[in-house]
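Student: I have a protein model open and would like to learn how to read it. Could you walk me through some of its features?

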Amino acid sequence: MSDQAVAEYRIEDLAHHSGATVRTIRAYQDRGLLPKPERRGRSNVYRDTHLARLRQIADLLDRGYTLASIKELLEAWDAGRGLGGVLGLVAEVHGPWTDEEADRISRADLDERFGGRPDDEAVDEACELGVLERMPGRPDEFLVPSPQELSVAAELYAAGVPLVAITGHLRELRGQVEHIASRFLEFTTEHVFARYLGEVPPTDADAAEAATMVRRLRPLAQQTVDAELARAMRVFATRHLQRHLGATGTAQPSGPTPVALPADTVRAVQELVGPDHVADFVRAATERELQARTMNDLASRGGR
């Protein structure tokens, strides 16, 4: 076949070039996602347009789209509305949401940062959480999507926090942050992006405008969370310090705080009940006063 000839594929060849299975290709045809092939005798003939469509479907599936939504997008494409704006919006949403760049770390360096002893269970859990990613064909090297997150874990470990506590805290924190992200998306969808969702899929112009809006709003979520976290840490750290160290910066006793009575008061009580019964008298007098105040408070409420 010459370079100028139109490429033709049997279904097995199409599966090989696209990475899809023969069964998947037939299922796409049945669902209307893939144009029917040309019938030639007893054989079906597929062309480059089929291969391009299969790759397009695979890309959209990787981005989280369902087959139903992909079908709507492809029908719009076939109707001549185009997918340029929609795919630009998809690319914007799936783009980086942080300026941080991924890094790599060897298993030896990883072990050294966390105590110097290999811990396969901890590595497996880190991979499950996405803190580390295994690299195909490189068993002794890992991708680190967020070097900052790994550094925080290493600092906490060096400060004496056990790894199991660090991973447990990360799981709890992740759930709370995912809730914040979900609420931010609901908020912006309701007040900003609803105007672009009148048509499904949106027109090229609406999709392009929405992509620009995503780019503008992208940093706002992190900026808001950073500001609110700083405010909360300032408030709660101050309270935490006061609770553990006392408002004046001195350690608070864990038990009841002794109260010094005036010497004249102590002498008067001694003369009344004797030196051996001072403590009992003070305790009884205090309890009687508390009971009296409680009764007065209840009586005042009943009279309202």
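Predicted model: local features only at pLDDT ≥ 70, side-chain atom pairs only at ≥ 80, totals over all residues.

Student: Let's begin with strands. In what order do the three strands of the open sheet lie?

Tutor: The order is β1-β3-β2, with antiparallel pairing. The edge strands are β1 (8-9) and β2 (38-40), each of which pairs on one side only.

Student: How many bridges link β1 and β3?

Tutor: Two bridges, and the two strands pair in the antiparallel sense. Strand β3 covers residues 43-47. To find a bridge by eye, look at Tyr9: its bridge partner in β3 is Tyr46.

Student: Where do side chains point in a strand?

Tutor: In general, the side chains of a regular strand alternate between the two faces of the sheet.

Student: Now for β6. Which strands pair with it?

Tutor: Strand β4 (residues 103-106) pairs with strand β6 (residues 138-144) over four bridges, in the antiparallel sense. Here Ile105 stands opposite Phe142 of β6. Strand β5 (residues 133-135) also runs antiparallel to β6, joined by three bridges.

Student: How many residues lie between β5 and β6 in their hairpin?

Tutor: Two residues lie between these strands. In the turn, Gly137 has a positive phi of about 80 degrees.

Student: How far apart are Leu73 and Leu60?

Tutor: There are two ways to answer. Along the sequence they are 13 residues apart, while in space their C-alpha atoms are 9.8 Å apart.

Student: Last, the surface. Which residues make the nonpolar patch?

Tutor: Ile180, Val225, Leu229 and Met233 make this surface patch of about 360 Å². Helix α10 (residues 204-245) gives the most to the patch, with three residues. Ile180, by contrast, is found in helix α9 (residues 163-191).

Student: Why is Ile180 called partly exposed?

Tutor: Partly exposed covers values between the buried limit of 20% and the exposed limit of 50%. Ile180 is partly exposed because its relative accessible area is 41%.

Definitions and conventions:
Residues numbered from 1 in each chain as written. Heavy atoms only, no water. Patch = residues over 30% accessible without salt bridge, like charges linked within 9 Å, V, L, I, M, F, W, Y side chains within 5 Å. Areas by Shrake-Rupley, 256 points an atom, 1.4 Å probe, with all protein chains shown as cover. Salt bridge = Lys/Arg side-chain N within 4 Å of Asp/Glu carboxyl O. Buried < 20%, exposed > 50% of the residue type's maximum accessible area, 1.4 Å probe, protein only. Pairing = 2+ DSSP bridges.
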